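Dear colleague,

I am handing over the structure we spoke about, and it is shown just below. After it you will find my notes on what was found.

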Amino acid sequence: HGDFWDNPHWLAERWYHRVYLWISKYTIARADAIRVMSEGQKQKLLRAAVLPQIIRVIATPVDISRFENFEAQANPNQKKLLENLRGQTHAGGKKTVLWVGRDDAAKDLGTLDKAINIVIAKKGKENVGFWMVGVKKIPDDLIDIITAAGGVDSADLPAYYLISDLLVSSSSSESFGKVLVEANACGRPVVATATTGAKEIITDG
C-alpha cells in the first residue's frame, strides 16, 4: 500500500524501516500476486526484476459523485457546516489554501511550513488563509496563520474542499494521493510535491 521501495525519504524516517524493506523484498520474491497503488510503484518493482504478470495496479477507490454533488445531497447539518465555513474563509476576498492529512512524518510539514512562509512574505497574511484538516498540532511559527480543523468526519470533508481555493500536498512520500482526486472532484485545483502517486494524478504545469 505504501510507497517505500526505492524511497530514501521513507528509509530515513525510522531505523526499522530498513528491516521492513528487507522483509518486503523477501516476501515479494515469493508472492503469487502483488497489488500496488500506482504505475510508479509498479515500475519500481519491475526494476527489481519482479515479474510484470503478477503485478496489478489498483488505486484506492474514490466515490467521485459524493464530492461532485455534495451541496445537492448535503443534509441540514452539512449545509450549516458549509455556510459557517464560508463565513469564516471568504471575508474580504481572502484566498484559502487547504491541507488535508494526518500526523505523519511522510506528510513533511517542514516543507509545508517553508511554502506557507514564502506565500505570506509575497502576498501578506491578510490576503491568504491556511486551513489544516487532520492535525491538531500546528508549527509554533504558524499558530497565528493556520486554522486547524482537527479530525473531520469523512462525510463532511467535501465541505472543506468547497470553501478552499486550492489544495496543497507537501508529502515526501505518497503511493497514490486520494485527497488530490477528491479536491479535483470538488472543482478545486491542487498543488503537490512530486510523489509517486501525485505524478500520475496531476499534469505538471
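**Notes on the structure**

Ser24 is buried, since its relative accessible area is 12% (buried means under 20% relative accessible area, exposed over 50%, and partly exposed in between, with a 1.4 Å probe and protein chains only). Please keep in mind that this is a predicted model, in which local features need pLDDT of at least 70 and side-chain atom pairs count only at pLDDT 80 or more, while totals for chains, interfaces and linings use all residues. Residues are numbered from 1 along each chain as its sequence is written, and side-chain values use heavy atoms, with hydrogens and water left out.

Ser24 belongs to helix α2 (residues 17-28); helices (H or I, at least four residues) and strands (E, at least two) are DSSP runs, numbered from the N terminus. A polar atom of the Ser24 side chain lies 2.8 Å from the backbone oxygen of Leu21. Leaving aside neighbours within four places in sequence, Ser24 is in contact (heavy atoms within 4.5 Å) with Phe4 and Trp5.

Turning to the sheet, 5 strands form an open, parallel arrangement in the order β5-β4-β3-β6-β7, where two strands pair if DSSP finds at least two bridges between them. β5 (146-150) and β7 stand at the edges with a single partner strand each, so one side of each is left without a neighbour in the sheet. Neighbouring strands of this sheet are turned by 25° against each other on average, direction ignored (axes are lines fitted to C-alpha atoms, for helices over the stretch in contact, and angles run from 0 to 180 degrees between N-to-C directions). Strand β4 (residues 128-133) is joined to β5 by 4 bridges, and Met132 has Ala148 in β5 as its bridge partner. Helix α7 (residues 109-123) lies across β3 (95-100), β4, β5 and β6, and runs at about 165° to β4.

In helix α9 (residues 178-185), Leu180, Val181, Glu182, Ala183 and Ala185 are buried. α9 is followed by Gly187, whose phi is positive, near 80°.

How values were computed: Polar contact = N/O pair within 3.5 Å; in protein donor to acceptor, adjacent residues only side chain to side chain.
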